[in-house]
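The stops below run in order; select each one as you reach it.

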Amino acid sequence: ELNHVHEIGITGKGMAGVFQSLSRSNIIRRNVMYNGPRAAVDINDGFGNLTLEENLLFGFSRETGGHAAFNAWDRVPYRTLAEDGAPSEYPQWSHIARNFIASNDFAVDGILQHTPNSDWALDFDDGASFYDVAENVCLYGNIKTHGGGSKRFHENLIIHPDLPVDGHGCYTAQSESVEDVFFFKNTCELAIDPEHPRSSQTGQHAAVLYDLNAHCGTSKGKGA
């Protein structure tokens, strides 16, 4: 809590501001992290009960692609006693709330500078599951999932995810999610018209399949 993390990954490019592995019930709160080659926060293994809140994350994925300032994966199930003291393969839910996350794009003299590595703001990769994600601000990047289930994305503000070089729509699903994944009551502003190809959902499986009540518009005031 209350850390200032910056200029990391000078020699090792897989570095993160915070890396979690074989661990649970951690709290990452009110930190400022910027300027790194890959992720600000890496969550390896789905032990659960993570709290990630009120952080400012920007300037990551500067030297590597296919990543985000926040990245999680859950490739192997573990049996823990985390829930009620009884052995279980189901982790407690993790909560990601009220963070401001900017993908690696920025303006110089009013002109947006793009990098090809800034894919998403929040990346739930390789089966990451049991996440409640609410009230975050995602700038120049969207929310992406790849496999897994038991995820809730709601009341997030997603701003201009279609502007980066490899920009996306409001939400990206790269594979068929298993079940219990919901994207609802989010607000997404696209920078270019919804008819433009870059404004459409990306990935092999369109995120609209899971979109219950998302409001999407453009900075020009047109509705999607």
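In sorting residues by class, Ala, Val, Leu, Ile, Met, Phe, Trp, Tyr, Cys and Pro count as nonpolar, Asp, Glu, Lys and Arg as charged, and the others, Gly among them, as polar. Keep in mind that this is a predicted model.

**Stop 1: the largest pocket**

Select D74, V76, P77, Y78 and E89. Of the 15 lining residues of the largest pocket, these are the closest to its centre. The space inside comes to about 170 Å³. Now colour the lining by class. Seven residues are nonpolar, five are polar and three are charged.

**Stop 2: the largest nonpolar core**

Which residues have the most contacts inside the largest nonpolar core? Select V41, F70, F124, Y131 and I143 to see them; the core has 33 residues. In soluble globular proteins, nonpolar side chains tend to be buried together.

Strand 20 gives the most, with four residues.

Zoom in on Y131. Leaving aside residues up to four places away in sequence, Y131 touches I43, F70, A72, W93, S94, I96, F124, S150, K151 and R152. Two of the other most-contacted core residues, F70 and F124, are among these partners.

**Stop 3: H154**

Move to strand 17 (residues 151-154), where H154 sits. Is H154 buried or exposed? H154 has a relative accessible area of 12%, so it falls under the 20% limit and counts as buried.

Show the side chains around H154. Another, of 2.8 Å, runs from the side chain of H154 to that of E155.

**Stop 4**

Most residues other than glycine have a negative phi.

Select N35, in the loop between strand 4 (32-34) and strand 5. N35 is not a glycine, yet its phi is positive, about 65 degrees. At 18% relative accessibility, N35 counts as buried.

Finish at D126, in the loop between strand 13 and strand 14. Phi of D126 is also positive, near 45 degrees. What is the relative accessible area of D126? The value is 25%, so D126 is partly exposed.

Key
Residues are numbered from 1 along each chain as its sequence is written. This is a predicted model: local features need pLDDT of at least 70, side-chain atom pairs count only at pLDDT 80 or more; totals for chains, interfaces and linings use all residues. Side-chain values use heavy atoms; hydrogens and water are left out. On a 1 Å grid over the protein atoms alone, a cavity is a set of points where a 1.4 Å probe fits but cannot get out, and a pocket is an open set with protein on both sides within 12 Å along at least five of seven lines; lining residues have an atom within 4 Å of a point. Grid points are joined across faces, edges and corners, and a volume is the space filled by probe spheres set on the points. Helices (H or I, at least four residues) and strands (E, at least two) are DSSP runs, numbered from the N terminus. Buried means under 20% relative accessible area, exposed over 50%, partly exposed in between (1.4 Å probe, protein chains only). A polar contact is a pair of N or O atoms within 3.5 Å; within protein, one must be able to donate a hydrogen and the other to accept it, and residues adjacent in sequence count only if both atoms are side-chain atoms. A nonpolar core is a set of buried Ala, Val, Leu, Ile, Met, Phe, Trp, Tyr and Cys residues joined through side-chain atoms within 4.5 Å. Contact means heavy atoms within 4.5 Å.
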